[in-house]
Amino acid sequence: MAELAALDDPKARAVNEKHGDDHGVNLGKLRALAKRLKTQQELACELWATQDTAARLLALLVCRPKAFGRDELDAMLRGARTPKVQDWLVNYVVKKNPHAEELRLVWTADPDPVVASAGWALTTERVAKKPEGLDLPGLLDVIEAEMKDAPDRLQWAMNHCLAQIGIEHPEHRARAIAIGERLQVLKDYPTSPGCTSPFAPDWIAEMVRRQAAPVA
């Protein structure tokens with residue numbers, strides 16, 4: 001904890017706080033610290049218990065993802081508090097855990113939009129890597145009906161799923177683009193030069209273009 005405190009940068013903290021993250025540790029330095037510590041499940045649990053955001057991010061880098069039980073992960077998500085911790089928990093731990101599919105179904109149906117957004121993130125992972133058994137037209141129905149008025153975190157996750165369906169599944173691409181065009185979600189989102197817009201029709205078009213480009 002002393003080492004994490006020494007890494008805290010007030011300028012980084014100010015930037016992170018604008019995104020809802022209450023820590024000031026450079027993530028590159030945090031990853032270097034995790035690399036030195038290597039996997040330590042007991043330490044990870046102790047770090048998580050501090051409720052400190054930087055400590056929890058470090059915990060997610062040094063833990064054993066498959067060591068957590070279903071209820072443990074559910075409680076961790078609901079108590080995660082900050083966007084970065086929630087994102088890392090889902091991407092670095094839950095996706096590698098044997099309970100991921102069960103949690104996906106539970107979380108997607110949860111009334112808490114932050115919890116539901118985690119379920120949609122897991123759904124997007126399946127759309128890309130293991131779509132067998134997913135009802136893709138049904139997912140598009142839900143996105144078409146609910147994404148426009150969804151809270152920010154949930155809307156972002158649903159939009160990512162919409163784009164992923166359009167990118168990975170040509171048979172649903174036209175409908176995915178049409179839904180994006182009709183709803184106009186993230187149409188005017190500020191995008192840095194050289195970055196892909198999160199507006200689903202543009203995102204789909206750019207990723208499909210890249211996939212079709214010849215390898216140099």
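**Exercise 1.** Determine which residues Glu144 touches, leaving aside residues up to four places away in sequence.

*Solution.* Contact is taken as heavy atoms within 4.5 Å. On that basis, and with residues up to four places away in sequence not counted, Glu144 touches Arg175, Ile179, Arg182 and Leu183. Glu144 itself lies in helix H10, where helices (H or I, at least four residues) are DSSP runs numbered from the N terminus. The C-alpha atoms of Glu144 and Ala176 are 9.1 Å apart, although 32 residues separate the two along the chain. With a relative accessible area of 27%, Glu144 is partly exposed; the scale is buried under 20%, exposed over 50% and partly exposed in between, with a 1.4 Å probe and protein chains only.

The model is predicted: local features need pLDDT of at least 70 and side-chain atom pairs count only at pLDDT 80 or more, while totals for chains, interfaces and linings use all residues. Residues are numbered from 1 along each chain as its sequence is written, and side-chain values use heavy atoms, with hydrogens and water left out.

**Exercise 2.** Describe how H10 is placed against H11.

*Solution.* Two packed helices are described by the angle between their axes and the distance between the axes. Step one is the geometry: the axes of H10 (residues 136-146) and H11 (residues 152-168) come within 10 Å and cross at roughly 140 degrees. Axes are lines fitted to C-alpha atoms, for helices over the stretch in contact, and angles run from 0 to 180 degrees between N-to-C directions. H10 is therefore oblique to H11, since angles under 35 degrees count as roughly parallel, over 145 as roughly antiparallel, 65 to 115 as roughly perpendicular and the rest as oblique. Step two is the contact: H10 contributes Leu136, Leu139, Leu140, Val142, Ile143 and Glu146, and H11 contributes Met158, Cys161, Leu162 and Ile165. By class these residues are nine nonpolar, no polar and one charged. Here Ala, Val, Leu, Ile, Met, Phe, Trp, Tyr, Cys and Pro count as nonpolar, Asp, Glu, Lys and Arg as charged, and the others, Gly among them, as polar.

**Exercise 3.** Carry out the analysis for H5 and H7.

*Solution.* The axes of H5 and H7 (residues 83-93) come within 10 Å and cross at roughly 5 degrees. H5 is therefore roughly parallel to H7. Thr53, Arg56, Leu57, Leu60 and Leu61 in H5 meet Lys84, Val85, Trp88, Leu89, Tyr92 and Val93 in H7. This contact of H5 with H7 holds eight nonpolar, one polar and two charged residues.

**Exercise 4.** Is Asp74 buried or exposed?

*Solution.* Asp74 belongs to helix H6 (residues 70-78). Its relative accessible area of 15% makes Asp74 buried. Beyond residues up to four places away in sequence, Asp74 touches Leu103 and Trp107.

**Exercise 5.** Locate Lys38 and Gln51 and state the phi of each.

*Solution.* Lys38, a residue other than glycine, has a positive phi near 60 degrees. Lys38 sits in the loop between helix H3 (27-37) and helix H4 (41-49), and is exposed at 59% relative accessible area. Gln51, also not a glycine, has a positive phi of about 65 degrees. Gln51 occupies the loop between H4 and helix H5 (53-62), and at 49% is partly exposed.

**Exercise 6.** How many disulfides are there?

*Solution.* A disulfide is a pair of cysteine sulfur atoms within 2.5 Å. The count by this rule is zero. For Cys45, the closest cysteine sulfur, in Cys63, is 8.1 Å away, too far for a bond.

Definitions and conventions. Helix = DSSP H or I, 4+ residues; strand = E, 2+ residues; numbered from the N terminus.
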